Amino acid sequence: MKRHPLAASIAISIGLIVLLGYFLPIPLLVLVRLELVQWAIILAGVAALVGIGNLIQVHFFKIRRRENGSAYSVILLVTMLATLLTGIMLGPAHVWMRFAVEIIILPVEASLMALLAVTLVYASIRLLRRRADWMTFVFLVTALFMLVASASLPLIGEIPVLSDWIRPWLMFGPAAGGTRGLLLGVALGALTTGLRALFAMDRPYGGK
Amino acid sequence: MSQSLGLGLVILATILLLALIFIKRKSQPVFREIAAFTRLRRAAGLAVEDGTRLHVSLGRGGLLSPRGAASFSGLALLRQLGEQTSISDRPPVATSGDAALAVLSQDTLRAAYQSAGAEELFQPANGRLAGMTPFSYAAGAMIITRQEQISTDVLIGDFGPEAALLAEAAEREHALLIAAASDPAAQAVLFASTSEPLVGEELFAAPAYIGNDAAHLASLQVQDILRWLIILALLAGAGLKLVGLP
C-alpha cells in the first residue's frame, strides 16, 4: 500500500495553520489563513472544471456503450456544451443566458420541488405501513397538527387556540430543543471527523 | 470568550482522541446496536455474492463549508464499503453534488481498491459528479439507482429535502436504503422515507460501525465523552439559573 508522507504533512501543516488562525488573533497567522483560504477557493474552482470533465466522460461512455437511457446522455451533453459555448462567447449576463436560466433551469427545478411535495405526502402515508411504532405516530400527528395550525382556513382564518398558543409553544419549545440537541450531536461528530482528517487518520487525498 | 471555549474544546477533543487511539486496551469498545448499520454490513456482503451494485450518494456538502464534515464522514464510509465490495463484478459507484467532493470520491475509491489488492479493477468513472445544484444532483443520482442494478442505496452526507426524491427512487427499485444527513430538514424527510432512520450524530458513527479502524472507534468514544460533558454543563447552567446565580 502506497503512502504519501509529503501530501499528509502538507495537509496537516496547512490545516493547523488555518485552525490556529481562526482561534488565535495573531495578525500574521490571520493573514496566512486568509491567503490559504483564497487558494482553496481557486482550487475548488479548478475542481469544478475537473468535475464537469468527469460528467462529460461518464455520459460519453454511456453513449458509446449504448447503455439503457443513453438518449438522455445525448441530450445532457448537447445542452451542456451549447450552454457552455453560449456562455463563453456571449458572457453570463447576455439575454440568451438569462433566457436559459429563467425559462429552462428555474422551471425544471420548480417542477422537481413540486414533485418533492407529492413524494413527501406519499412517503408519510407509506410510513405507517413501513414502521408502525409510537415514534411514527408522534411524527405524523405533529406534522399534521403543524400543517393545520399554520393554515389560514376559509371564513375562520387562523384557529384560535391552536395557532396562537399551542403552535408557538410546540415550535419554540420541544421542536427547537430537539433541533438544538440534534445540531449539538452533529457538531460533535463534525469536530471529531475534522480532527481525524486534520491529523491524517482519514486521508481522502492520496490514500492511507 | 466563545473563541477560547471553542479552542479549549478542540484541544480537549484532540487529547482524548490521541489518548484513546494510542492507549492499548484489553478489549474493543462496545457500542449499542444500530439496525441500519447491521443491515448495511449484510448488504455489502450480499452485493458481492449476487453481483449487484452499491450506490453511495455523498451529498453536496462543499469541502470549504462547515457542512464538509458530513462529506468527510461519507468518504470514510465509502472507503470501507469500497474495500469490502471492490472485488464484486459490479463495483460500488459514488455520486456527489460538489466537484471537489467528486474528485475526492475517486481518490478514496482508488485507495480502497489498492488496499483490497485490486487496483487494476479501479475505474475513475465510478466516482461521479451527478449535478451541481440540489435538484440536478438528485435527478442525476436517481438515474443511477434506476439504471445500474443497484441493490443498496447509501445516502450519507449533506442533503436538503431533495433527499426524499433519492429515497423514492430507491423504494421504486426495491433497493435497501440506508440514509443519514446532517441537515435537520433532511433528517425529518428521511425519517418519513426510510425503514431504519439514522438521526443526528449517527451519521458520523457510520465508519466506526462498518469498519474496525482504531481512529474511528476512538472518535466515536470522544463524541460520547464530550456529549456527557455538554449535558453536565447544561444541567449545571440550568441549576445555577434556578438558584438565581448569573
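Three salt bridges are counted between chain A and chain B. One pairs B:Glu171 with A:Arg126, and the closest N and O atoms there are 4.0 Å apart. Before I go on: this is a predicted model.

Staying with polar terms, 17 residue pairs across the interface of chain A and chain B are in polar contact, both residues at pLDDT 80 or more. On the side of chain A that touches chain B, helices H1 (5-23), H2 (27-64), H4 (95-130), H5 (134-150) and H6 (160-198) each supply at least two residues. Which of them gives the most? That is H6(A), with 15 residues. By type, this side of chain A divides into 37 nonpolar, 13 polar and eight charged residues.

Now the extent of the contact. Chain A contributes 58 residues and chain B 73 residues. The area buried between the two chains is about 5,400 Å², and carbon and sulfur atoms give 71% of that. In chain A, the residues that lose the most area to chain B are A:Phe23, A:Leu188 and A:Pro204, together 12% of what that side buries.

Next, the sheet in chain B. Five strands form an open sheet with parallel pairing, in the order S3-S2-S1-S4-S5. S3 (127-129) and S5 (176-181) of chain B are the edge strands, each pairing on one side only. Neighbouring strands are turned by 15° against each other on average, direction ignored. S4(B), residues 150-158, pairs with S5(B) over six bridges, and B:Val154 stands opposite B:Ile178 in S5(B).

Last, the helices on that sheet. H3(B), residues 68-85, lies across S1, S2 and S4 of chain B, at about 165° to S1(B). H4(B), residues 99-115, touches S1, S2 and S3 of chain B, and its direction makes about 170° with that of S3(B).

Terms used
Residues numbered from 1 in each chain as written. Chains lettered and ligands numbered in written order. Predicted model: local features only at pLDDT ≥ 70, side-chain atom pairs only at ≥ 80, totals over all residues. Heavy atoms only, no water. Contact = heavy atoms within 4.5 Å. Buried area = accessible area lost by both parts, 1.4 Å probe. Salt bridge = Lys/Arg side-chain N within 4 Å of Asp/Glu carboxyl O. Polar contact = N/O pair within 3.5 Å; in protein donor to acceptor, adjacent residues only side chain to side chain. Helix = DSSP H or I, 4+ residues; strand = E, 2+ residues; numbered from the N terminus. Nonpolar A, V, L, I, M, F, W, Y, C, P; charged D, E, K, R; others polar. Pairing = 2+ DSSP bridges. Axes fitted to C-alpha atoms, helices over the stretch in contact; angles between N-to-C directions.
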